[in-house]
Amino acid sequence: MPETNLMAEKECQRVLPGDLAIWMFIFAELTVFAIFFFSYSWMHSHNLEMFKAGQENLHPVAGLINTIALITSSYTVALSVFFAKQNKIQLSWRLLSASLLIALIYVFTKSWEYSELINAGYGLSTNNFYMFYFFTTGFHFMHVLLGMLILCIMTVRLRALTVGDSVKDNRDTPLSENEMLNLESSASYWHMVDLLWILLFPLVYVL
Amino acid sequence: MNLIKITGIWIGLILLTSFAIIISFLDLNHNYLLIAVALITMVKGMMVADVFMDLRSAPKIWYRLMASYIVLVPTFIFLIYMLSAY
């Protein structure tokens with residue numbers, strides 16, 4: 001078989017995890033965030049003193065806790081997909097539930113950070129640093145909440161499968177193609193939320 | 001995708017995050033800090049895309065798009081900081 005045919009065959013065997021629409025949505029979101037990141041960097045590099053003073057009021061430990069929470073949550077979602085592919089649906093939905101609980105750590109820590117800053121008198125209109133900080137991290141926070149809602153819906157759907165009559169006697173029944181696609185789409189969205197935080201975290205807390 | 005690889009990536013991500021925090025407390029030259037943080041961010045992003053998102057097994061166009069994003073965004077951020085310093 002000619003080499004070009006082999007390469008074409010290999011390419012055909014490659015499958016996008018999840019629905020095509022979710023990947024279009026993911027790249028649209030990534031583009032919007034890239035604009036925020038560039039704007040933040042531009043503003044930071046031209047207002048070094050203001051941004052340095054603002055960053056001193058943030059809590060790097062809270063940033064670290066949030067990062068570890070999102071990374072760990074992303075890890076349990078990846079495990080959930082892995083076990084769903086092994087037809088271990090019960091383990092899969094339990095891992096999704098664990099992801100949601102871990103994501104709550106992020107929600108509580110971020111809310112605490114916001115309340116600390118607001119109680120100290122800082123807000124969107126204080127200066128450019130706080131405007132960018134609240135707007136960018138707040139927009140990301142909304143994505144976390146949306147991701148949690150999607151994971152919650154997926155958990156309920158997978159759990160319903162394990163208590164349904166068709167699976168009661170055989171817990172290793174594979175997920176339908178459509179349900180697997182939904183799970184992979186939800187997981188991909190959640191990993192995007194994690195990826196965005198990986199880019200946002202050094203901008204806000206490290207540099 | 002296998003269990004050991006996914007777990008290894010999770011541990012690697014946590015270690016790299018901790019390392020980024022540690023170097024931010026060291027009295028490093030800002031340019032070196034920028035380079036180190038940009039590289040760490042790229043590596044972490046590729047780990048998420050390769051293993052968690054499983055884009056390695058996706059059609060190459062999608063993998064390349066994501067890899068370009070992960071490399072180009074930190075690079076442009078690095079350039080913005082560098083150029084504004086001069």
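In chain A, residues 24 or more positions apart account for 82% of the contacts with a separation of 6 or more, two residues being in contact if their C-beta atoms, placed from the backbone, lie within 7 Å. The model is predicted: local features need pLDDT of at least 70, side-chain atom pairs count only at pLDDT 80 or more, and totals for chains, interfaces and linings use all residues. Residues are numbered from 1 along each chain as its sequence is written, while chains are lettered from A and ligands numbered from 1 in the order in which they are written.

**Chain A overall**

- Chain A has 8 helices and 0 strands; helices (H or I, at least four residues) and strands (E, at least two) are DSSP runs, numbered from the N terminus.
- Along the sequence, the pattern of chain A is α-α-α-α-α-α-α-α.
- Chain A has 207 residues, of which 37% count as buried. A residue is buried if 20 or more other C-beta atoms lie within 10 Å of its own, exposed if 12 or fewer, and partly exposed in between, with C-beta atoms placed from the backbone.

**Helix 2 and helix 8 of chain A**

- Two packed helices are described by the angle between their axes and the distance between the axes.
- For helix 2 and helix 8 of chain A, the packing angle is about 10° and the axes are 11 Å apart. Axes are lines fitted to C-alpha atoms, for helices over the stretch in contact, and angles run from 0 to 180 degrees between N-to-C directions.
- Helix 2 of chain A is therefore roughly parallel to helix 8 of chain A; angles under 35 degrees count as roughly parallel, over 145 as roughly antiparallel, 65 to 115 as roughly perpendicular and the rest as oblique.
- The residues of helix 2 of chain A that meet helix 8 of chain A include A:W23, A:F33, A:F37 and A:Y40, and those on the helix 8 side include A:Y189, A:M192, A:L196 and A:L199.
- By class, this contact of helix 2 with helix 8 of chain A has 12 nonpolar, 3 polar and 1 charged residues. Ala, Val, Leu, Ile, Met, Phe, Trp, Tyr, Cys and Pro count as nonpolar, Asp, Glu, Lys and Arg as charged, and the others, Gly among them, as polar.
- A:F25 is also in helix 2 of chain A. A:F25 is partly exposed, because 15 other C-beta atoms lie within 10 Å.
- A:F25 and A:L124 are 99 residues apart along the chain, and their C-alpha atoms are separated by 28 Å.

**Contact between the chains**

- Chain A gives 35 residues to the contact and chain B gives 32 residues.
- On the side of chain A that touches chain B, the elements giving two or more residues are helix 2 (20-46), helix 4 (60-85) and helix 8 (177-206) of chain A.
- Helix 4 of chain A gives the most to that side, with 11 residues.
- The side of chain A that touches chain B has 24 nonpolar, 8 polar and 3 charged residues.

**Chain B overall**

- Chain B has 3 helices and 0 strands, in the pattern α-α-α along the sequence.
- Along the principal axes, the C-alpha atoms of chain B fill a box of roughly 45 × 30 × 10 Å.
- Of the 86 residues of chain B, 31% count as buried.
- In chain B, 61% of the contacts with a separation of 6 or more are between residues 24 or more positions apart.

**Helices of chain B**

- Helix 1 (residues 3-25) and helix 2 (residues 30-52) of chain B cross at roughly 165°, and their axes come within 10 Å.
- That angle makes helix 1 of chain B roughly antiparallel to helix 2 of chain B.
- Among the residues that meet are B:L13, B:L16 and B:F19 in helix 1 of chain B, and B:I40, B:V43 and B:M47 in helix 2 of chain B.
- The contact of these two helices of chain B has 15 nonpolar, 2 polar and 2 charged residues.
- The buried residues of helix 3 of chain B are B:M66, B:I70, B:V73, B:P74, B:I77, B:I80 and B:Y81. What covers them includes helix 2 and helix 8 of chain A together with helix 2 of chain B.

**Loop residues with positive phi**

- A:N87, in the loop between helix 4 and helix 5 (89-119) of chain A, has phi near 65°, a positive value in a residue other than glycine. A:N87 counts as partly exposed, because it has 15 C-beta neighbours inside 10 Å.
- B:D54, in the loop between helix 2 and helix 3 of chain B, has phi near 60°, a positive value in a residue other than glycine. B:D54 is buried, because 23 other C-beta atoms lie within 10 Å.
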